[in-house]
Amino acid sequence: MSTMIAPDSAPGLILQNVSLRLNGSVLLSIDCDIPPGSILTIMGESGSGKSSLLDFIAGFLKPDFEAEGEVVLRGRNLSNVAAQDRHIGLMFQSPLLFPHMSVLQNLTFAIPPNVKGRQSRREIAEQALVDVGLSGFGTRDPATLSGGQQTRVALMRTLLAEPEALLLDEPFSSLDQTRRAEVRTLVFDLARKNGLPVLLVTHDEEDARAAGGVVHYLGANETENGCPLNGQPQR
Ligand SMILES: Nc1ncnc2c1ncn2[C@@H]1O[C@H](COP(=O)(O)OP(=O)(O)OP(=O)(O)O)[C@@H](O)[C@H]1O
């Protein structure tokens, strides 16, 4: 069943008849269209293939898997595009900041070399810290930041790389409930503001509700796929 969110919108991230097999059996199948600024939430039991789906989209599916189907991003078929050239931003449970760089260096490192405009790379990175409420944190060692602060830096580092889509794999799991709500609002707002199609993997129903889009259940009854949690029309 196709999980269509807004078929009349500009091209975002399209998964065309994607199917992953492991040891000869189908692990998952998905066919969906995530327009710019929309979030598709993927839920499913442990081992249903959520992370493997993100690996496939990002271009580093492990060789034990067989894959069929196409990933099309902004009209570009990524089948023969190397992972580093796909322009996809990733965020995981652990923020994975470079420990040997300051917070500001972590951010400037992410800015593409051909960045144009009046602002220097340093100014762009400093503005990013202001945008996430971390003004003055640039000289800090990432290890001295709280989990929520590290996640905010990781988010800005991902966005400064100018991705065309975001893949989020349980990015809020290390945060307590209050921080989790704050950070996910920030992530979703910035993704929408930047017009990015987002694929969110989560076990948390609150994350799915906050995302406000379609939920696709892996490993569940096919008829449940694409049903929004809040009962609203699929947009
Ligand atoms: N390199 C590998 N070789 C063989 N099997 C693998 C490999 N990597 C993952 N698997 C298997 O593929 C299946 C899907 O794994 P995956 O990590 O994608 O699931 P998941 O839905 O993300 O799980 P979780 O919610 O626990 O993170 C699991 O059964 C896992 O054991």
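This is a predicted model: local features need pLDDT of at least 70, side-chain atom pairs count only at pLDDT 80 or more; totals for chains, interfaces and linings use all residues.
Two packed helices are described by the angle between their axes and the distance between the axes. Here the axes of α2 and α3, the latter spanning residues 121-131, come within 9 Å and cross at roughly 115 degrees. The crossing of α2 past α3 is right-handed.

Met156 itself belongs to helix α4, residues 147-160. Is Met156 buried or exposed? It has 24 other C-beta atoms within 10 Å, and because a count of 20 or more marks a residue as buried, Met156 is buried. From Met156 to Ile88 there are 68 residues in sequence, and the C-alpha atoms of the two lie 14 Å apart in space.

Setting aside neighbours within four places in sequence, the contacts of Leu13 are Ile34, Leu73, Ala165, Pro197 and Leu199. Leu13 and Val130 are separated by 117 residues in sequence and by 29 Å in space, C-alpha to C-alpha.

Strand β2, residues 13-22, also holds Asn17. Most residues other than glycine have a negative phi. Asn17, although not a glycine, has a positive phi of about 50 degrees. Leu96 is another residue other than glycine with a positive phi, near 55 degrees. Where does Leu96 sit? Its place is in the loop between β7 (88-91) and α2 (103-110). Leu96 has 14 C-beta neighbours inside 10 Å and therefore counts as partly exposed.

Turning to the ligand, the residues around it are Leu22, Gly44, Ser46, Gly47, Ser48, Gly49, Lys50, Ser51, Ser52, Lys62 and Asp64. By class, this shell has one nonpolar, seven polar and three charged residues. Which element gives the largest share of the shell? That is helix α1, residues 50-58, with three residues.

Finally, some notes on confidence. The average pLDDT of the protein chain is 88, and 89% of the residues score at least 70. Among the elements of the chain, strand β9 (residues 198-201) has the highest mean pLDDT, 97, while strand β1 (residues 3-4) has the lowest, 50. In the stretch of residues 227-235 the pLDDT is below 50, and this stretch has 14 contacts in the model beyond near neighbours in sequence. For the model, the scores are ipTM 0.96 and pTM 0.87.

Key. Residues are numbered from 1 along each chain as its sequence is written. pLDDT is the predictor's confidence in each residue, from 0 to 100. Helices (H or I, at least four residues) and strands (E, at least two) are DSSP runs, numbered from the N terminus. Two residues are in contact if their C-beta atoms, placed from the backbone, lie within 7 Å. A residue is buried if 20 or more other C-beta atoms lie within 10 Å of its own, exposed if 12 or fewer, and partly exposed in between; C-beta atoms are placed from the backbone. Axes are lines fitted to C-alpha atoms, for helices over the stretch in contact, and angles run from 0 to 180 degrees between N-to-C directions. A crossing is left-handed if the near helix is turned anticlockwise from the far one by less than a right angle, and right-handed if clockwise. A residue is near a molecule or strand if its C-beta atom, placed from the backbone, lies within 6 Å of it. Ala, Val, Leu, Ile, Met, Phe, Trp, Tyr, Cys and Pro count as nonpolar, Asp, Glu, Lys and Arg as charged, and the others, Gly among them, as polar.
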